[in-house]
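Here's a friendly walk through a protein model for anyone meeting it for the first time. Take a look at the sequence and the 3D view, then read on.

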Amino acid sequence: MSLYQYAREGDVERIRDALSSERAVVRRRAVELLGELAAPDDQASIDALLRVASDDADDQARAAAVDALAELGGTAVEQLLAAFTGHEAAGAEWVTAHRLAAALDADRPELRIAAVHALAGLDDPSTVPVVVDALSDSDRRVRRRACRACGTIADPRAVPALVDRLTDVSPVRRAAANALGSIGTDAALDPLIDLLGDADESIRRTAAGALGGASTARPVEPLAEALGDPSPVVREAAVYSLLGLLSNAPTERSHAIRDQVVETLRDVDDDGVVNPLVEILSAGQETRQRRNAAWILGRIADPHASAAVEALVAALGDDDAQTARFATTSLAALGGPVVEDRLLDRLDPEYSASVRANAVFVLGRIGGRETLERIESLTDDESPAVRKRAFSAVTALRSGGV
């Protein structure tokens with residue numbers, strides 16, 4: 001059985017057994033899975049990871065074990081520091097800026113990695129200069145983790161040093177780009193925008209993804225331009241980031257940012273925007289992204305585009321009420337014969353009352369003679385919600401001259 005299957009079954013013990021594999025790549029993957037699946041108080045997994053972090057012949061496996069211990073939480077990191085320094089762990093005494101800063105001068109890079117991880121978890125502004133100093137560490141693994149720590153802390157003081165890391169090796173560059181996106185100030189965003197033209201596809205993708213963490217409209221136009229990137233993964237990252245901008249927008253500026261996103265996307269190739277939005281609405285896991293996808297589709301999709309219409313119609317019965325509401329208003333905004341035809345299908349009794357009620361709401365705004373006749377038959381529907389919507393729709397259609 002493979003590690004993938006063990007992970008699906010949550011078989012932590014079998015994953016631990018894989019740490020004895022002769023293949024470094026298997027040990028690395030097993031370490032990563034333990035960091036994701038083991039319980040924070042699983043001492044057997046902590047001990048196994050400590051052995052890898054201390055003794056494994058593969059430096060990437062050692063670094064991955066440090067990352068996994070950090071994922072498990074404070075007590076695992078404390079034990080790691082104790083194992084590396086020879087001192088006994090002493091609870092909160094180990095989680096102090098002074099001790100961790102001293103660990104950054106250790107000879108072993110794994111200890112420096114652990115110290116950076118722990119410093120990122122401290123709510124202490126005095127740790128920022130120490131973490132920033134680690135960005136110039138001689139070991140690329142430490143520099144990469146220091147970039148991640150700066151992203152976690154999100155302190156603007158780290159921006160100049162992070163910008164310097166944008167010329168580092170690719171893994172460090174990507175980590176620095178993500179950290180700058182998390183900080184999100186103008187000084188942090190400008191170099192990310194420049195990276196959208198980088199020759200390295202992975203860097204362009206990272207930059208496009210990181211810009212979604214901004215709280216201003218500044219990245220909207222550059223991200224819209226990235227929708228024309230030759231790489232599909234860059235285009236997808238740009239779409240997700242545009243949705244992220246809508247989610248992250250401060251309340252007082254949300255309308256302005258929404259308007260700018262919509263205005264900009266209307267000028268972009270339709271398939272380059274609509275297809276990813278349809279996929280997000282249909283199969284996305286994040287509620288806010290799906291809500292924003294439903295909202296945007298009603299403002300930029302072609303009313304004759306069956307894929308967009310089908311996705312919105314399917315969302316009428318979404319478990320999330322806000323997504324269903326946005327899908328309803330978007331269909332009303334699109335209108336047209338394709339929308340009307342699909343919604344007439346949703347009036348059948350096989351669909352839930354909420355779906356039929358939402359369909360009636362839209363049809364009352366866009367429908368013709370056939371629609372009026374169908375809706376009139378629903379004024380005595382068994383569902384109060386459908387009946388209420390049907391009466392309103394009939395009134396609206398008749399007053400509109402249908």
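## What covers helix 22

The buried residues of helix 22 are covered by, among others, helix 20 (306–314), helix 21 (321–334), helix 23 (353–366) and helix 24 (369–376). Which residues are we talking about? Helix 22 spans residues 336–345, and its buried residues are Val338, Val339, Glu340, Leu343 and Leu344. Keep in mind that this is a predicted model.

## The whole protein

Stepping back, the protein has 25 helices and zero strands.

Of the 402 residues in the protein, 52% are buried. The protein exposes about 18600 Å², and carbon and sulfur atoms supply 45% of that area. As for who touches whom, take the contacts between residues at least 6 apart in sequence: 60% of them join residues at least 24 apart.

## Helix 5 meets helix 10

Two packed helices are described by the angle between their axes and the distance between the axes. Here, helix 5 (residues 59–72) and helix 10 (residues 140–153) have axes that come within 11 Å and cross at roughly 25°. Angles under 35 degrees count as roughly parallel, so helix 5 is roughly parallel to helix 10.

The crossing of helix 5 with helix 10 is right-handed. On the helix 5 side, the contact is made by Asp59, Ala63, Ala64 and Asp67, while helix 10 brings in Arg141, Arg145 and Arg148. What kinds of residues make up this contact? Sort them and you get two nonpolar, no polar and five charged.

## Arginine 112, tucked away

Is arginine 112 buried or exposed? Its relative accessibility is 7%, and buried means under 20%, so arginine 112 counts as buried. You'll find arginine 112 in helix 8 (residues 109–120).

Leaving aside residues up to four places away in sequence, arginine 112 touches Ala103, Leu104, Ala106, Asp107, Asp137, Ser138, Asp139 and Val142.

## Proline 40 in its loop

Where does proline 40 sit? Look in the loop between helix 3 (24–37) and helix 4 (43–55). Proline 40 and glutamate 71 are 31 residues apart in sequence, and their C-alpha atoms are 8.4 Å apart in space.

Not counting residues up to four places away in sequence, proline 40 touches Ile46, Leu72 and Thr75.

How values were computed: Residues numbered from 1 in each chain as written. Predicted model: local features only at pLDDT ≥ 70, side-chain atom pairs only at ≥ 80, totals over all residues. Heavy atoms only, no water. Axes fitted to C-alpha atoms, helices over the stretch in contact; angles between N-to-C directions. Helix = DSSP H or I, 4+ residues; strand = E, 2+ residues; numbered from the N terminus. Parallel < 35°, antiparallel > 145°, perpendicular 65-115°, else oblique. Left-handed = near helix turned anticlockwise from the far one by under 90°. Contact = heavy atoms within 4.5 Å. Nonpolar A, V, L, I, M, F, W, Y, C, P; charged D, E, K, R; others polar. Buried < 20%, exposed > 50% of the residue type's maximum accessible area, 1.4 Å probe, protein only. Areas by Shrake-Rupley, 256 points an atom, 1.4 Å probe, with all protein chains shown as cover.
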